[in-house]
Amino acid sequence: MQLFQKKSPFYNLALFYIIVSLITRLVLLFHPITQTSFTIIDSIKIFLLGMVSDAFVFVVGSALLWLYLLFLSNSKFNKPWGYIFFGLLVSLLLYVLSGKSILHEYGGSLPEIGIAFISLKTVLFGLLLFLPKYRKNIRKVLFSITIFIFVLVIIQNAISEYFFWNEFGVRYNFIAVDYLVYTNTVIGNIMESYPVIPLFIGVGLVSLIATIVIVRKSKSYLDKLPSFTDKIKNLGVYIVLYFISLFATPTLAKLQNSSNVFTNELQANGIYKFYLAFMNSELDYDKFYKTLPEQESFALLQKQISGISNDSSIRQINSGTTENHKNVVLITIESYSAEFLKMYGNEQNITPFMDSLARKSLLFSNLYAVGNRTVRGLEAVTLCLPPTAGESVVKRIDNKNKFSTGSLFKKRGYDVKFLYGGDAFFDNMGDFFGGNGYDIVDKKAFKPEEITFSNVWGVCDEDMANKAIKVMNEEAKTGKPFFNHWMTVSNHRPFTYPEGKIDIDAHSKSREGGVKYTDYALNKFFAMAKKQAWFKNTVFVIVADHCASSSGKTELPADKYRIPAMIYAPGFIEPKRYTNLMSQIDLMPTLFGLLNFNYQSKFYGQDVLKSDYKPRALIATYQDLGLIKDTVLTIISPVKKAKQFQLTLQPKAGLENDFQIFYDQKPLNKERIDLINETISYYQTASYMLKKKKYQK
């Protein structure tokens with residue numbers, strides 16, 4: 001059982017992690033932000049239960065370390081196995097160097113990372129194989145580097161927990177997960193806020209000293225590696241410990257039930273808290289954002305949305321006439337910024353079809369996406385709800401049986417489907433749409449002969465267009481109206497598509513190529529649709545899910561949320577331009593108004609063509625929640641912060657006013673309390689509705 005003895009690196013690293021975790025708890029306990037007193041019971045829970053929890057978390061988190069130690073062996077270099085393994089590594093390296101691997105299909109920096117890793121592994125294995133005289137020394141160097149990496153991660157995590165506590169007064173939550181998404185912004189903030197160079201030097205020195213100590217204590221382990229029999233025994237013991245830890249860790253977390261919040265946070269293990277935040281994808285609004293008394297927040301919401309009352313968004317929508325049950329096809333286009341279209345100033349001619357379709361449609365020229373991820377766009381057009389803090393509802397556990405656009409159609413006898421060229425398992429789309437009454441048509445529904453081109457994201461948009469026509473033809477035969485929501489995939493890295501379709505090389509892997517190919521595929525879809533008997537009785541809604549990029553000089557750069565949207569129904573909806581400010585969540589309620597639907601609504605989105613609509617737009621990241629109104633952008637953020645920016649148009653020469661999208665965002669000179677409170681009312685009440693399960697169908 002060498003892996004569990006005191007001379008083992010596994011034992012020494014576990015001890016090191018527990019000591020660092022203990023020191024971290026003590027530092028956080030005496031931090032100025034921890035303004036509370038603790039009972040003896042609190043102290044026992046913090047240190048005793050906390051230490052036990054740390055041990056279990058280390059067992060689970062050290063799986064890679066354990067595998068590394070398990071495969072430390074001399075026998076694998078014996079003939080012929082050493083040469084077979086080396087040959088396999090060389091073959092794998094040649095495969096990724098060929099430029100035709102799955103890594104190259106995805107694109108970006110992934111091929112370079114893969115090549116670097118496999119090259120390093122091949123070279124190191126070769127050195128150990130062909131230089132047996134130096135094998136012991138080479139292994140010691142590699143072992144030391146491995147231990148250093150684990151030590152560095154442990155120390156870096158402790159430092160990160162300190163800074164996170166320093167800012168938020170809690171262990172990791174979804175904000176920490178968010179920081180991984182917005183790495184560039186976070187690194188920039190750290191560079192500006194802390195003495196980075198001395199900090200990094202200090203962390204490096206401590207890690208180096210700790211590594212030297214652990215390596216020395218583990219010297220005898222390297223000198224006499226465990227036999228195969230010992231490794232089998234170690235494997236059995238570790239597996240038992242691993243599964244005990246998987247059960248014990250959440251069990252101990254349930255004991256974090258003190259009325260003293262600081263006791264619960266200090267007792268918790270930060271890494272496990274990070275895991276929970278990643279899996280649960282939620283951020284407690286009331287805990288981290290500015291709030292109003294519940295009654296006041298809903299009273300403010302009533303002023304923005306006519307007809308609601310009490311603590312709910314329920315209201316009655318009456319058209320005063322007979323409902324029109326036309327077929328509806330909703331197309332959400334992947335990563336489609338307004339600035340791709342010619343009318344918004346693009347000069348590359350990459351959207352010729354969409355430019356022509358916009359002139360034949362009810363065009364919403366001043367519409368903003370709610371977020372910067374596909375799941376946010378899908379949430380916006382399906383639930384018509386403000387983007388609440390944390391992850392989209394699409395990816396949450398409680399994402400089913402919601403009041404949705406699909407539920408309204410289903411209630412009226414429509415066939416309701418979600419069409420996606422990839423695997424709907426991705427981003428939890430299948431679970432969300434399936435759990436809200438949609439039938440799923442994704443890549444798994446395609447026959448081999450129906451796929452002419454695919455990449456890692458799924459079949460090309462052209463293949464999905466062909467499939468969509470087949471699906472709608474079958475639906476039309478039933479005599480029932482249909483609602484189909486199609487999410488495109490081709491305008492996404494690696495931006496690959498069939499050759500010979502457009503005038504941009506299919507091998508260029510450029511964003512422009514992805515945009516133009518999607519435009520080509522949509523053109524083909526509509527050309528086919530016009531030949532079908534159901535076309536004249538169908539309304540088409542086309543909107544982007546989000547912009548191609550979300551980075552800018554401020555937390556929420558307005559131009560990175562401006563997206564195209566239109567409703568096309570020749571002979572039914574007159575082509576014209578709607579220019580008032582509106583949100584992505586308003587698109588489907590506006591469609592329901594055009595169809596004269598009479599229904600009880602929970603939507604925060606509104607029919608913008610009604611006289612009582614008050615122009616505004618909601619835009620957000622995972623944690624910065626914004627409202628655009630009266631040329632002011634109001635942002636509420638964690639730690640109960642609020643910022644406001646004056647939006648001053650920066651006009652682009654030659655463009656109509658309706659299609660100007662760039663604004664200078666400067667801090668507001670005088671705070672608009674009314675807009676801050678209005679922003680709070682939208683997001684606080686939306687979070688309340690979800691939390692209290694009042695947004696169910």
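Residues are numbered from 1 along each chain as its sequence is written, and side-chain values use heavy atoms, with hydrogens and water left out. Because the model is predicted, local features need pLDDT of at least 70 and side-chain atom pairs count only at pLDDT 80 or more, while totals for chains, interfaces and linings use all residues.

Helices (DSSP runs of H or I, at least four residues) and strands (runs of E, at least two) are numbered from the N terminus. Helix 3 (residues 63–70) packs with helix 12 (residues 228–253) at an angle of about 175°, and their axes are 11 Å apart. Here, axes are lines fitted to C-alpha atoms, for helices over the stretch in contact, and angles between N-to-C directions run from 0 to 180 degrees.

Buried means under 20% relative accessible area, exposed over 50%, and partly exposed in between (1.4 Å probe, protein chains only). Among the buried residues of helix 18 are Arg376 and Glu379. Just after helix 18, cysteine 384 adopts a positive phi of about 50°.

How many salt bridges does the whole structure hold? The search finds 33, each being a side-chain nitrogen of Lys or Arg within 4 Å of a carboxyl oxygen of Asp or Glu. One of them joins aspartate 54 to arginine 25 (2.5 Å, N to O). This pair links distant parts of the chain, with aspartate 54 in helix 2 (residues 40–61) and arginine 25 in helix 1 (residues 9–29), 29 residues apart. Both aspartate 54 and arginine 25 are buried.

Glutamate 678 and lysine 629 also form a salt bridge, with their closest N and O atoms 3.0 Å apart. Glutamate 678 sits in helix 24 (residues 673–691) and lysine 629 in strand 16 (residues 625–629), 49 residues apart. Glutamate 678 counts as buried at 7% relative accessibility, and lysine 629 is buried with a relative accessible area of 12%. Finally, a network of salt bridges links Arg373, Glu391, Lys395 and Asp427.
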